[in-house]
Amino acid sequence: MIERWIMGQKVQIEWAGRPLGISFGEVAGQADGAVLVRYADSVVLVTAVTSKKPELFLDFLPLTVEYQEMAYAAGRIPGGFFKREIGRPSDKEILTARLIDRSIRPLFPEGFLREIQIIATVLSVDQENDPDILAVIGASCALMVSDIPFNGPIAAVRVGRKGGNLIINPTQGELEDSDLNLIVAGHENGIVMVEGGGNFVPEEDILEAIFFGYEALKPVLALQKEELVGRPKIEIEQPSLDPGFINTITDLATPLIQEALAIPKKQPRHKRLEEIFLEVTSNLGLDGDKILQAQSVFRDLERKIIRQMALDGKRIDGRCPTDIRPVFCEAGVLPRTHGSAIFRRGETQILAVTTLGTTEDEQKIEALYGEKFKSFMVHYNFPPYCVGEVRRLKGPGRREIGHGALAERALKPLIPSEEAFPYTIRIVSEVLESNGSSSMATVCGGSLSLMDAGVPIEKHVAGIGMGLILEPERTIVLSDITGDEDHCGDMDFKIAGTEDGITAFQMDIKVEGLEKEVLHRALIQSREARLYILKKMAETLPRPRPSISPYAPKVTVVEISPEKIANLIGPGGRVIKNIINETGVSIDIKETGKVHVISHDEEALGKAVDLVKQATQDVEIGKLYIGKVKKVIDSGALVEILPGIVGLVHISELDRHRVRRASDVTKEGDEVLVRVLGIEKDGRIRLSRKAALSPHIHRNRREMRR
């Protein structure tokens, strides 16, 4: 049922048990398109603006997408000195911007080359419904009500699974118990984008979840198509190319391009293609705009030849559709790192390095849902030399953030719990050479480096990039695609997992719609490729090293009662400072009572752990302790029986005979054997030296020292 407000142009439907509302024509009136999307109490403003003049003969769509989470949306004030949202966007913001971009980019008509900017701003968040889905829907709505040509609408949905049951748009609480987190974007002709992760989910279950999500987003598609009223669309100014000009270049270049594409190596092949272009344009005497037109014709021709070769069963590097490029693995390649590995597949090569840290190395993340700490990280670096280019080095861009997050999602289900392995883990992937699927090579290399570091993961994770050539007469699914095949193909499907199932996936489709049978074929073919790579990895390093690197910190976790934390810290921090000064270790105390003791020295670590246990053990009535006299007073002696725990030996309990002055029996610094007589309600401990004196005193002392 659709509800309308009297004021303004607003529509609303019930979607997965919550109201979804879309309003337009009320805010950001000078943008080409603007909408407010509300789902429950989460609200996102999305705007779309295009430039006034086209950029002719570009080989890419000049689309920019920004997503920004405002702290006020969650009732928070940003941290830092400036107290405002400034600087580079967070990883979450970058990943959501990529999500929007990948969903809408394939649906702009060919030839529309004006610069387009989409900005999604989170205005309110209810802590249960992630605004990323609303941002994707809002981008489609903003384009639909604008004059920007767009082959939409599209919609997006999140799918979870709990207890074997699929859930549409699970809440944050439901996601914590879900073994699947999947985002599906699609339009009326089919799916355009899929992204997500799972805990070893079988291929058939992934396929079911994808199309379950696609069916669930159809009401949102219908809402946009039926209710959103847009302005007349801008007419596309197609650059006119003379058919004779196209035929001349085609006749001259086709045999030369076919010859160049037979070169198996990427760099020599690209160099030869550049030479061919220069030869053709020089022979024809082209200059100025004619050169730009020739570039457009040349690109289209190269794409057609590559696709036809794949359809004929022979790819540009000579492989058949299901063939995997040669795989090479090596672990333990760096002498002083905690774990390292090189993984090469064809002309894609990465160096993965694992570093083990402590709780002090955890990454603090400030998000709309509050602060959290992250103990597993994958960072992906893509330097210019890996593709033979020269450019300035700068911080990680959207590619680096996106590929690192995908690899992290793939590896995370294998990472042991804090109880089993109390370390912060960081993997860095240095892409040494790239020709397709470097993110999936990062998964493979990262898995090897984890095992080399002695991280107790149960098995390896491998990833593979799948491609697709879709033509009316034939459809070919390609395993382990290269960069050129990705550029010229119709699908980029990255899938990672173990032999038990899938842990991460990301699919971008460049054509309108994808049949279920084709997607099923890609999933099954990817499993065969993944199993082949897993076998190669197991041959190199079948299981984790029996121990961690001698250069890694050693961590032992001691669990104490939270009520004992004060005892461990001691007055003014005296107890914990004494332990650290005596042993040289680092100690991190959690509110839950988990105490992380960290050192590179095993002996010092063991001593510190004993001292922590002593400082936090309960005082037992009737038990003997060897204590140190801290102070002698008129009424007796104050004796420290455990670190930070002091009791009173009353003067009447100092000896078996009458004592006139406490200083006659003991002095400050003496070690004395005492017995605990009792503990008062206020916590004061009563001790007795007299009760500890017996014919067996020497034996008792020996027992206490042990």
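Contact, in this account of a predicted model, means heavy atoms within 4.5 Å.

Q: What span does H7 reach from its first C-alpha to its last?
A: Helix H7 has 23 residues, for which 33 Å is expected at 1.5 Å a residue. Gly313, with a positive phi near 95 degrees, follows the helix.

Q: How many Å apart in space are Arg269 and Ile316, C-alpha to C-alpha?
A: Ile316 is one of the residues that Arg269 touches. In sequence, the two are 47 residues apart. Their C-alpha separation is 9.8 Å.

Q: Which residues of the largest nonpolar core touch the most other members?
A: The largest nonpolar core holds 138 residues. Apart from it lies another core, of 19 residues, with Ile249, Phe277, Phe298 and Cys488 among its members. In the core of 138, the residues touching the most other members are Ile104, Ile118, Phe343 and Phe493.

Q: Which residues of helix H11 are buried?
A: Helix H11 covers residues 516-540, and its 25 residues reach 37 Å, close to the 36 Å expected. Contacts of Phe493 include Leu519, Ala522 and Leu523. The buried residues of H11 are Val518, Leu519, Ala522, Leu523, Gln525, Ser526, Ala529, Arg530, Ile533, Leu534 and Met537.

Q: How many nonpolar, polar and charged residues are in the lining of the largest cavity?
A: The search of the whole structure finds 4 cavities of 30 Å³ or more, and the largest holds about 100 Å³ of space. Its lining includes Trp15, Tyr39, Ile133 and Leu134, together with Arg18, Glu128, Asp130 and Arg158. The lining divides into 5 nonpolar, 3 polar and 4 charged.

Q: What volume of space lies in the second largest cavity?
A: Among the residues that line the second largest cavity are Pro54, Phe112, Arg114, Ile234 and Glu237. This lining divides into 5 nonpolar, 1 polar and 3 charged residues. The space in the cavity is about 60 Å³.

Q: Where is the cis peptide bond of Pro153 found, in terms of the elements on either side of Pro153?
A: The cis bond joins Gly152 and Pro153, with omega about 5 degrees. Pro153 is found in the loop between helix H2 (131-145) and strand S8 (155-162).

Q: Is Phe200, with its positive phi, buried or partly exposed?
A: Phe200 is found in strand S11, residues 190-201, and has a phi near 60 degrees. Because its relative accessibility is 27% and buried means under 20%, Phe200 counts as partly exposed.

Q: What is the relative accessible area of Asp480?
A: Asp480 is placed in the loop between S20 and H10. Although not a glycine, Asp480 has a positive phi of about 55 degrees. Asp480 is buried, and its relative accessible area is 0%.

Technical notes:
Residues numbered from 1 in each chain as written. Predicted model: local features only at pLDDT ≥ 70, side-chain atom pairs only at ≥ 80, totals over all residues. Heavy atoms only, no water. Core = buried A, V, L, I, M, F, W, Y, C linked by side-chain atoms within 4.5 Å. Buried < 20%, exposed > 50% of the residue type's maximum accessible area, 1.4 Å probe, protein only. 1 Å grid on protein atoms, 1.4 Å probe; cavity = no way out; pocket = protein on both sides within 12 Å on 5 of 7 lines; lining within 4 Å. Points joined across faces, edges and corners; volume = space filled by probe spheres on them. Nonpolar A, V, L, I, M, F, W, Y, C, P; charged D, E, K, R; others polar. Helix = DSSP H or I, 4+ residues; strand = E, 2+ residues; numbered from the N terminus. Expected span 1.5 Å × (residues − 1). Lists of a residue's contacts leave out its neighbours within four places in sequence.
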